[in-house]
Amino acid sequence: MMQRTYEAFLLLFLALLSKATSVKPCPRPSLPQDDSSFCLSWRLAVEANNLRGWRTVPTQCFRYLETYMIGGQYERDIDFILGQILSYANGIALSDDGMDAWILDVDDTCLSNLFYYKGKRYGCDPYDPSGFKAWAMTGGCPAVPGMLGLFSKLVNSGFKVIMLTGRDEETLGQITAANLHNQGFVGYERLILRTPAYKGQSAVVYKSNIRKQLAEEGYRIWGNIGDQWTDLQGDYVGNRTYKLPNPMYFVP
Ligand SMILES: [Mg+2]
């Protein structure tokens, strides 16, 4: 009896030992080094302004960007930012002098060029000034999802909303005003486009100059929203700046 019990324990011990020694070591966790992993890093670097002066989206990121831009995440990212903007704006006590202002960029901040950029492989193709101008001249840019709601809330709260764009006033002034109107952006204080005096200036210099003038007029710039870092850098940028996502192109 004792012998049998001893043998049974011995067999159990050997079985457990053999199982323990046959377990393979855990593989070191690692992320797949595929395109989407690279493209996520690339997009993060773009949005964080760690990558500057880039001219085209890396070709291997075409499908990744397509999924990001039209698969729902782009809209969710904007929606998240709009929530932050609203909670900040709701906490501002407005003065009664009518000088509490917000600055909104136009392209891919209020009006979306996503449909146009779809035809440019979401920025994998190089910038095409005449193609973009032809698109803008249609006056058919839809509103960026959620932006009209934010715009209306700012206007209805009593803020003076100033649209500031690098679009050329001479050629695109009328159609831009019409496009904003047909998308419901009604009731803004001013639409400022690039006049010949600012031609050739970088976006940072041009927009800083305009904001300086607005500040000298007495406007208090509470917030500034743009899809490009160059909308939000320089002088008189405002109390808070908000960067909307745009991994399709870079404006110097
Ligand atoms: Mg823009």
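Q: Which residues of H9 are buried?
A: In this predicted model, the buried residues of helix H9 are Ala203, Tyr206, Lys207, Ile210, Arg211 and Leu214.

Q: How are they arranged around the axis of H9?
A: They cover an arc of only 125° around the axis, which places them on the same side of H9. An α-helix has 3.6 residues a turn, so residues three or four places apart point the same way.

Q: And which exposed residues does the face turned away from the buried side carry?
A: That face of H9 carries the exposed residues Gln213 and Glu216.

Q: What covers the buried residues of H9?
A: The cover includes strands S1, S2, S3 and S4.

Q: How many residues does H9 have, and how far does it reach?
A: H9 has 15 residues and reaches 21 Å from its first C-alpha to its last, close to the 21 Å expected at 1.5 Å a residue.

Q: What follows H9?
A: Gly218 follows H9, and its phi is positive, near 110°.

Q: Turning to the sheet, what is the strand order?
A: The sheet is open and is formed by 5 strands in the order S3-S2-S1-S4-S5, with parallel pairing.

Q: Which strands stand at the edges?
A: S3 and strand S5 (240–243) do; each has a single partner strand, so one side of each is left without a neighbour in the sheet.

Q: How much are neighbouring strands turned against each other?
A: The average is 20°, with direction ignored.

Q: Where does H9 sit relative to this sheet?
A: Helix H9 (residues 203–217) packs on the sheet and touches S1, S2, S3 and strand S4 (220–226). The direction of H9 makes about 150° with that of S2.

Q: How many bridges pair S1 with S2?
A: Strand S1 (residues 100–104) and strand S2 (residues 160–168) pair in the parallel sense over 4 bridges. Within S2, Val161 is the residue opposite Trp102.

Q: And how many between S1 and S4?
A: Here there are 5 bridges, again in the parallel sense. Ile103 stands opposite Asn224 in S4.

Q: What about S4 and S5: how many bridges join them?
A: S4 and S5 run parallel and are joined by 4 bridges. Gly226 has Lys243 in S5 as its bridge partner.

Q: Why is S4 described as largely enclosed?
A: Because 5 of the 7 residues of S4 are buried, the strand is largely enclosed by the rest of the structure.

Q: Which residue follows H3?
A: Gly72 follows H3, with a positive phi near 115°.

Q: Last one: where is Gly187 found?
A: Gly187 lies in the loop between helix H8 (169–182) and strand S3 (190–194).

Q: Is Gly187 buried or exposed?
A: Gly187 counts as exposed, because it has 12 C-beta neighbours inside 10 Å, and 12 or fewer is the cut-off for exposed.

Q: How far apart are Gly187 and Ile162?
A: Gly187 and Ile162 are 25 residues apart in sequence and 9.9 Å apart in space, C-alpha to C-alpha.

Conventions: Residues are numbered from 1 along each chain as its sequence is written. This is a predicted model: local features need pLDDT of at least 70, side-chain atom pairs count only at pLDDT 80 or more; totals for chains, interfaces and linings use all residues. Helices (H or I, at least four residues) and strands (E, at least two) are DSSP runs, numbered from the N terminus. A residue is buried if 20 or more other C-beta atoms lie within 10 Å of its own, exposed if 12 or fewer, and partly exposed in between; C-beta atoms are placed from the backbone. Two strands pair if DSSP finds at least two bridges between them. Axes are lines fitted to C-alpha atoms, for helices over the stretch in contact, and angles run from 0 to 180 degrees between N-to-C directions. Two residues are in contact if their C-beta atoms, placed from the backbone, lie within 7 Å. The expected span of a helix is 1.5 Å times one less than its number of residues. The arc is that of the directions from the helix axis to the C-beta atoms.
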